[in-house]
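Okay, thanks for coming, everyone. Let me put the model up and then walk through a few spots in it.

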Amino acid sequence: MKYDVTLELENRVEEYSFGAVAKQANGSAWLKSGKTVILATVVIDETEVVEDDFLPLTVQYIEKTYAAGKIPGGFFKRETKPSDFETLTSRIVDRSLRPLFPKGFGHPTQITIMVFSADADSDMQVLALNAASAALFTSDIDINRSVSAVRAAKVDGELVLNPTLSQLKDSTLDLYLSGTKEELLMIEMRSIGSEKVEVEEGFEPMLDPMMDPSLGTIVIDTHVSNAVAEDELIEILDKTQQVLYTSNAAYEEAFKAHQKEIKPLELKAHHLDEAMVKYVRENHMQDIANAMNQMAKSERSTALRTLRKEILAKHEDWNELDLKNAIETVKKEQVRSQILNERVRADGRALTEVRPISIETNILPSAHSSCLFTRGQTQALVVLTLGGPKDAQMFEALTDDGTQNENFMVHYNFPGFSVGEASPIMGTKRRELGHGNLAKRALEPIINLDGQTVRLVSEILESNGSSSMATVCGGYMALRAADIETSDTVAGIAMGMVSEGDKYAILTDIMGLEDHDGDMDFKVTGSKDGITAMQMDIKLGGISLDVLKEALYQAKEGRSHIIDIMLEAEENIEFNDGVLPSTEHFHIDPSFIGEIIGQAGKTIREIIEKFEVAIDIDKKDGKVKITGKNKEGVQGAKEHIHSIVNAPKKEKIKYEVGGIYEGTVKRIVDFGAFVELPDGTDGLVHISKISKERVNNVHDVLSEGDKVKVEILEFKGNKISLAIAQ
């Protein structure tokens, strides 16, 4: 393959070929970076124009398993439905490129990105957007701006731009940024939790640290969310924006020579009938105000449609689409004017005011835990299920050597009835997958599951703005209602912005009406101290970092308000003790592990059967994990193990054949009796060695708990054969 352009960018080299393949597409770009090869194509339907006021753009990112030398798993041995990663990557590219298209562009457009060869260290989401932007920039569509992506990581406290995937695995930050030279278009960010190990001096006087230096220290292992403070995030965004400017300038300069001749495409005229607008303003402002009031209470409102029908009944010669545009224009003007000039929103709230919140936990008696989180007219029922390692979701990334396990899942469902729509519930849509992923990224940094599997399912029962943030809040409460430890209290809030010229207003806890008529959709989650996840789409021409900083701090105030309500609700949690599985983690002195396991595993089996638990012991460091169906059984097993560890240690006796000792009958079986010797060691008295007389039933001679004198007959490995001393 002959490459037309080679660019040395931040932390990587990209080579592009234009027009060598996929020549019948409106635009195509073949991108090679390292061992990764991606083809991006753009095709438009020149014969059709969609009349509705939206851009008919579809983006598909597709991974082929042959790119990593693999054959697909499953029965059919070919790629089938998109993986979650493919769907989420398609959404990222779509949200980044959509703002480039001019207003009135109505031709159905398909952008396809295919991975033909995969490098284990390549960032596919960055390269996918860069390839798609290159194909669009050099196509015959009149788009002359480049969009590119940059990812930022924080490894060992240092900022790394465009990290390799291996570097990202060691990072405490994952920030994905896309934009043009001048404008920031999209942000996706998450913090990555980690274990913090602290060593403190803390030996007890009875221990001599000179004998073993490790005895003189206490190792404290704590989970931290690595939430990012607002000021630090702004500094990182400033540096990444500079990289975006440099990269896009290089792309535009290098790609100019490979642009196709622009095709003359007609844009839909955004026709606005001023006479209709004037008529609506003069005669129906109160109706518009009433409609806005209804829309403040429901994301789906028929008030404007009803008004349109009433006006058309009086003016039968008017075009319905023109009237719809006129009413929508007046409504939008009124929403924005009221916010900017009166600093009051459609539902009467102040700009920084959060809608009323109510929280109910464990309302589902058979679920492990649940939370009904209601904020205004948005309501999420979040249900948690606990499982073990075998319940984890198996998945395989393109460049992974084998299958991976995902032990924290957040599934988000948005049925039509939540917005009053008469629509059937179908398969998971891209939006549902994206919202679930955002909530997962928000909550994952604050938990350390240590082998457990947790599934959170958010059922949206009512929606009027930011059901994904309700999922975050309800998800946190469901975690606490399942008695799962968290390193921070995390809430989520949706922010918006309205601006005209130099005037702007930042809105806290936006509803559907403000999302539709505003200029920014900005979701931020985190604790009172920092941000764990963020997603931002900017509808206007970019945003200054000063305004973004103001929005971040306003979001922090809103989050803090919600967290206070959540902490109050947390105090009133009543656990579903009869249903909720329980897990305990603790450490013991490794030297006691043999006694807990017992001879041939007898002791640990007895504990498992008595308390109905599962026990996992790390023999190297003495870490014990007990899992059971209820707290009582787990706590009982833990106390039993501690009683073994804390019991006065019996000094081991060196037994010899012929020695006579007093022991206790511990267990009777058909073929004899097990007797515990003075130091706790067990031996077997065979039925033939109980008496000189023939014994048919051991119970006729011995009972459990009897004190008996026994003689050592022989040793067989770890087993001791005994006889009742005569």
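This is a predicted model: local features need pLDDT of at least 70, side-chain atom pairs count only at pLDDT 80 or more; totals for chains, interfaces and linings use all residues.

Before the tour, a definition: when I say buried I mean under 20% relative accessible area, exposed is over 50%, and partly exposed is in between, with a 1.4 Å probe and protein chains only. Helices (H or I, at least four residues) and strands (E, at least two) are DSSP runs, numbered from the N terminus.

Residues are numbered from 1 along each chain as its sequence is written, and side-chain values use heavy atoms, with hydrogens and water left out.

Let's start with helix H5, residues 274-283. Which residues of H5 are buried? Met276, Val277, Tyr279 and Val280 are. The buried residues pack against helix H6 (285-295), helix H7 (303-314) and helix H8 (320-342); contact here means heavy atoms within 4.5 Å.

Next, the sheet. Five strands form an open sheet, in the order S13-S14-S15-S19-S18, with mixed pairing; two strands pair if DSSP finds at least two bridges between them. Strand S13 (357-361) and strand S18 (408-413) are at the edges with a single partner strand each, so one side of each has no neighbour in the sheet. Inside the sheet, strand S15 (378-387) and strand S19 (453-462) run antiparallel and are joined by 9 bridges. Leu386 stands opposite Val454 in S19.

On to the helix packing. Helix H9 (430-443) lies across S18 and S19, at about 140° to S18. Axes are lines fitted to C-alpha atoms, for helices over the stretch in contact, and angles run from 0 to 180 degrees between N-to-C directions. Helix H1 (84-97) packs with H9 at about 95°, their axes 10 Å apart. The contact includes Leu88 and Arg91 of H1 and Leu433 and Asn437 of H9.

Last stop: Asp450, in the loop between H9 and S19. Asp450 is partly exposed, at 31% relative accessible area. Leaving out residues up to four places away in sequence, Asp450 touches His585, Lys623 and Lys625. Asp450 and Lys625 are 175 residues apart in sequence but 9.4 Å apart in space, C-alpha to C-alpha.
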